[in-house]
Amino acid sequence: MITPRLNLYLLVIITVIGVLSSPSRSLRFELESGHTKCIAEDIKSNSMTVGKYSIVNPHDSQPLPESHKLTVRVTSSYGNSYHYSERVESGQFAFTAAEAGDYMTCFWAADHKPTVILTVDFDWKTGVAAKDWSNVAKKGSVDVMEMELKKMYDTVISIQEEMNYLRERENEMQDLNTSTNVKMAWLSFLSIIVCLSVAGLQVWHLKTFFQKKKLI
């Protein structure tokens with residue numbers, strides 16, 4: 001028998017998992033011809049990421065005009081290219097991140113006179129959200145409950161990896177702060193030495209000047 005307290009615990013667990021699960025970004029934006037728009041996503045190493053993009057047809061009953069073309073490039077923070085498509089109406093990419101950091105997806109619309117405004121749909125999923133669970137269910141012949149359990153298990157693993165990643169980043173930031181504090185301490189010490197040296201030279205110069213003038 002499921003008690004109210006157990007129901008509350010399950011609700012809390014599901015809520016936490018829903019909040020901390022891997023990101024799924026879906027957005028629509030406008031892009032003026034001759035301009036570029038870039039979208040960044042922080043991705044952990046060895047994480048799967050999937051993206052789909054397409055130009056929204058302003059006239060459903062007609063094909064897209066020739067001016068409605070995109071050039072799309074996906075790069076890592078180290079400059080490595082993971083996807084490139086030139087003058088396309090739609091496309092998709094999927095890869096496993098080999099390095100952690102910010103990945104950038106840049107959309108460029110060719111210059112056109114008169115100016116054209118493109119409306120772009122972009123869906124970017126990472127981690128557990130990037131997994132095609134419908135295919136998993138078909139291939140494994142699992143029922144809905146088992147598939148949900150698999151999704152929750154993968155989500156928990158993803159959260160654990162995310163926590164480990166955040167701990168590593170925290171340690172890196174602490175090391176950077178410690179190194180910066182040490183450098184600032186040495187800089188302050190050197191500044192005091194320079195100030196005292198300059199003050200000593202000024203006193204020596206004034207004393208010598210007054211002695212020459214026989215004022216002291």
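Reply: Here is some background, then the links one by one, and then a few other spots on the chain.

This is a predicted model, where local features need pLDDT of at least 70 and side-chain atom pairs count only at pLDDT 80 or more, while totals for chains, interfaces and linings use all residues. Residues are numbered from 1 along each chain as its sequence is written, and side-chain values use heavy atoms, with hydrogens and water left out.

The protein chain has three helices and eight strands (helices are DSSP runs of H or I, at least four residues, strands are runs of E, at least two, and both are numbered from the N terminus). Walk along the sequence and you get α-β-β-β-β-β-β-β-β-α-α. Of the 216 residues in the protein chain, 25% count as buried. For these labels, buried is under 20% relative accessible area, exposed is over 50%, and partly exposed is in between, using a 1.4 Å probe and protein chains only. Now for contacts, meaning heavy atoms within 4.5 Å: among those in the protein chain between residues at least 6 apart in sequence, 72% join residues at least 24 apart.

On to the disulfide. A disulfide is a covalent bond between the sulfur atoms of two cysteines. With the cut-off used here (a pair of cysteine sulfur atoms within 2.5 Å), the count is one disulfide. Its partners are Cys38 and Cys106, with 2.0 Å from S to S. Cys38 belongs to strand E2 (residues 36–43) and Cys106 to strand E7 (residues 101–109), so the bond ties together parts that are 68 residues apart in sequence. The torsion about the S-S bond of Cys38 and Cys106 is about 110 degrees, which means that the disulfide is right-handed. Cys38 is partly exposed, at 39% relative accessible area. Further along there's Cys195, which counts as exposed at 53% relative accessibility.

Next come the salt bridges. The rule asks for a side-chain nitrogen of Lys or Arg within 4 Å of a carboxyl oxygen of Asp or Glu, and the count comes to four salt bridges.

Arg28 is exposed at 54% relative accessibility, whereas Asp121 is partly exposed at 24%.

Another one pairs Glu66 with Arg87, at 4.0 Å from N to O. Glu66 is in the loop between strand E3 (48–55) and strand E4 (70–75), and Arg87 is in strand E5 (residues 81–88), 21 residues apart. Glu66 is exposed at 59% relative accessibility, and Arg87 is partly exposed at 43%.

Then there's the bridge between Glu89 and Lys69, at 3.2 Å from N to O. Glu89 lies in the loop between E5 and strand E6 (90–96), and Lys69 lies in the loop between E3 and E4, so this bridge ties together parts that are 20 residues apart in sequence. Glu89 is partly exposed at 32%, but Lys69 counts as buried at 14%.

While you're around the strands, look for Tyr78 in the loop between E4 and E5. Tyr78 is exposed, at 59% relative accessibility. Leaving aside residues up to four places away in sequence, Tyr78 touches Glu99 and Ala100. Tyr78 and Glu99 are 21 residues apart along the chain, and their C-alpha atoms are separated by 8.5 Å.

Finally, follow the chain to residues 184–204, where UniProt, in an unreviewed entry, places the feature "transmembrane region". UniProt positions are given in the numbering used here, feature names are shortened, and annotations may be inferred rather than shown by experiment. In the model, residues 184–204 are 100% helix and 0% strand, with their end C-alpha atoms 30 Å apart. Helix H3 (residues 144–212) is where you'll find Ile193, which is partly exposed at 39% relative accessible area.
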